Amino acid sequence: MLNVPPQAFPAPSSQQRVAAGGRAKVPLKPGRSLMDWIRLTKSGRDLTGLKGRLIEVTEDELAKHNKKEDCWICIRGFVYNVTPYMEYHPGGEDELMKAAGADGTDLFDQVHRWVNYESMLKECLVGRMAVKPIAAPKGMLPEKKVLGASARDLTPSYDWFQTDSLITIVIYTKQKDMNAELVIVDCQDKRLRGEIIVDDHSYLVEVDLDHAVQEDMAVNIAEKVGKVEFILKKKDNIHWKMLGQALESHNTFIKRTERGLFYRQCKLVSKTEVTHDTKLLCLMLPRSTHLCVPIGQHVYLKQTIAGTDVVKPYTPVLPFLPLDFKEPPRHDGAHLYLMIKIYSCGLFTQALDHLQIGDYISVSNPEGNFKKSQVQTSEDLFLLAAGTGFTPMVKLLNFALTEVGCLRTVRLIFFNKTEDDILWRNQLEQLALKDERFEVQFILSQPTKDWVGKQGKISSSLLSECVKRSRKDSKVLICICGPTPFTEQGVQYLKDLGYSQEEIHTFTA
C-alpha cells in the first residue's frame, strides 16, 4: 500500500513546477495534493453527476456548463466535468475557467499537452462531443482540401525492399542536413514506429510488421541527400509478401504538436549520488530503439502511482563533464542520463528514488524548441541556472566549448542555497581551468560565514555584474532555467538591463 503524506505536489521549490511559458503554479489548500485527487477518484464518488451514464454532448449543452460550480471542458472530442477537480488543479481555478463550457484542446496543448489527462480525469468523463453535420449545397460535394504542389513536393515518402535476411525501409525526407537527432525509431513486438522530424512537422511510418524481426536494428542516414534507412534482421529467412499492416497514423505528415507522445520502456542500470539530495540515473534504451535527445530538449518520464499515470519532464545530461575539449565525449546512444533532485514530499521523485536497478520506466520522445544555431551565431554565451535548472546547460556547455569556435565568452552563473547544493562543482571548476573562455560563478542565498564568493538571489545588480558583452557590439545569447519565479524575474531584469527578447532563451517544460 502506498502511504504518502498529503503535502503539496510537486514541492513548492521544485524545478518540476516550471511550466511552458513560465506559467505560475498556485498554492493548493491542505488536502488538495495530487495524491488526494487520486484517492478521491478511487473513492467511488460520482464525479460527473450523471450516475455512471455517458452522454453525447452538443455544443449548446457544453456551453451551459461554464461556471466554477458547474464546469465542463472538451479535450480532443471528449467532455469532462472538471468541477470537482477545480481545487486540485496546480495552475489554479482561473486557468481551468479559460476553457469552461468550450473546447479547451488548443489551450491544453499550449500549456501542458504532456499531461495524461485521460488517466487523471477518467472518473470525470461525461461523454463524447456530438458530431456537427456539415450540409453541402444541393447538388454539390463539400470542397476537398488539396495540398499545393510545393507542399506535396516537400512531404516525405517511404519505400521498402528485402533480401533473404534483411528488411530495409527507406525514408525520402526531401531535406538536406538530416541528422541522427531528427530520426526516432522503435521496433517492439513486431510493431515498427519510425518518426522523422522536419522543422516543426513530423513524418511517421508506423506498421505492424508482417513477420517477426530480431532486436538488432541499424539506422543509416545520408545527411546531405536526406535519405534514411531502417535495416531490420528477419527472424526467419522467408519471403515477405508485404511490409505489414498500416496503423492509423502511418504515412502521415503533421505538426509535431498534433502528434501524441510515444513512450518506450527503459531499464534503470545505475543510480549515483551527486549531492545530498540529487542523483544521476542512467537508463538503458531498448536495443531496438534509435533515440538521440538534442541539446536543450527534454523527455517525459511516466510512472503509474496508485493506479494513475503521472508524467514529469526532465532534461538528459552527459554522464560527466568532459575535461578534454579536443573532441566531444563518446556517447554510445544506448543510454540516457538524468540528474534528478529527490524531494522529501515529492510523490513522483520519491517513486523514482525507490526504483531498483533493473526496474523499468517509461520515457517519451524528446521535445523542446532550442536550436543549436542560436549558439553558433553568438559571440558571448551566458548560462543562468538555479538548482537543477543546471541540467539543460550541461550538453549546451559541452557543445559550446567543443564545437563553436566563434565564442569569446562562456559564463555559467549558478544560483544555489548552500555549497552542498552545488551540482558537479569540482568538474565545473576543472573546466574553468582547462579553457580560458569558460568561467563559472557560484552565488549562494544561504551561505555559511566561511563562504567568500558572491551571495544573494537573482537581482538586477547581480546580473549587471555577471552578464557583460565582451565588446560593445558582440552578439549575445543568455539562457536561463530554474523555478518559475527565478526565470520570470531573470528575464525582466535582463530586459531592464537592455537585452532584447531575441537574446534571451528560457528553458521551460
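First, the ground rules. This is a predicted model, in which local features need pLDDT of at least 70 and side-chain atom pairs count only at pLDDT 80 or more, while totals for chains, interfaces and linings use all residues. Residues are numbered from 1 along each chain as its sequence is written, and side-chain values use heavy atoms, with hydrogens and water left out.

Let's start with a helix. Helices (H or I, at least four residues) and strands (E, at least two) are DSSP runs, numbered from the N terminus. Helix H9 covers residues 391–403, which is 13 residues. From first C-alpha to last, H9 reaches 19 Å, close to the 18 Å expected at 1.5 Å a residue; that expected span is 1.5 Å times one less than the number of residues. How many of the residues of H9 are buried? Here buried means under 20% relative accessible area, exposed means over 50%, and partly exposed is in between, with a 1.4 Å probe and protein chains only. The count is 12 of 13, so H9 is mostly covered. Among the buried residues are Met-393, Leu-397, Phe-399 and also Lys-395.

Now for the backbone. Most residues other than glycine have a negative phi. Lys-174 is not a glycine, yet has a positive phi of about 60 degrees. You will find Lys-174 in the loop between strand E8 (166–172) and strand E9 (183–188), and it counts as partly exposed at 40% relative accessibility. Ala-306 also has a positive phi, near 55 degrees. Its place is the loop between strand E19 (299–305) and strand E20 (308–314), and Ala-306 is partly exposed too, at 30%.

On to charges. Side chains of opposite charge can pair when their charged atoms come close. In this talk a salt bridge is a side-chain nitrogen of Lys or Arg within 4 Å of a carboxyl oxygen of Asp or Glu, and the structure holds 26 of them.

Lys-68 pairs with Asp-94, with the closest N and O atoms 3.6 Å apart. Lys-68 lies in the loop between strand E2 (66–67) and strand E3 (70–75), and Asp-94 in helix H3 (residues 93–97), so this bridge ties together parts that are 26 residues apart in sequence. Asp-94 is exposed at 54%, whereas Lys-68 is partly exposed at 37%.

The next bridge joins Lys-341 and Asp-277, at 3.8 Å from N to O. This pair links distant parts of the chain, 64 residues apart: Lys-341 is in strand E22 (residues 335–341), and Asp-277 is in the loop between strand E16 (263–273) and strand E17 (278–284).

Asp-353 is in helix H7 (residues 347–353) and Lys-279 in strand E17, 74 residues apart. Both ends are partly exposed, Asp-353 at 22% and Lys-279 at 23%. Salt bridges also form a network here, linking Glu-215, Asp-216, Lys-233 and Arg-287.

Last topic: the aromatics. Rings of Phe, Tyr and Trp (its six-membered ring) pair if their centres lie within 6.5 Å; planes under 30 degrees apart count as stacked, over 60 as edge-to-face and the rest as tilted. The structure holds 10 such pairs. The rings of Tyr-314 and Phe-348 have centres 6.3 Å apart and planes at 25 degrees, so they are stacked. Tyr-314 sits in strand E20 and Phe-348 in helix H7, 34 residues apart. Tyr-314 is buried at 5%, and so is Phe-348 at 1%.

For Phe-415 and Phe-486, the centres are 5.3 Å apart and the planes are at 65 degrees, so that pair is edge-to-face. Phe-415 belongs to strand E25 (residues 409–416) and Phe-486 to helix H12 (residues 484–496), 71 residues apart. Phe-415 is buried at 6%, as is Phe-486 at 9%. Please also look at Phe-390, Phe-414, Trp-424 and Phe-442, which form one aromatic cluster.

I'll finish with a charge and a ring: the charged end of Lys-302 sits over the ring of Tyr-263, 4.2 Å from its centre. The cut-offs are NZ of Lys or CZ of Arg within 6 Å of the ring centre and within 35 degrees of the ring normal.
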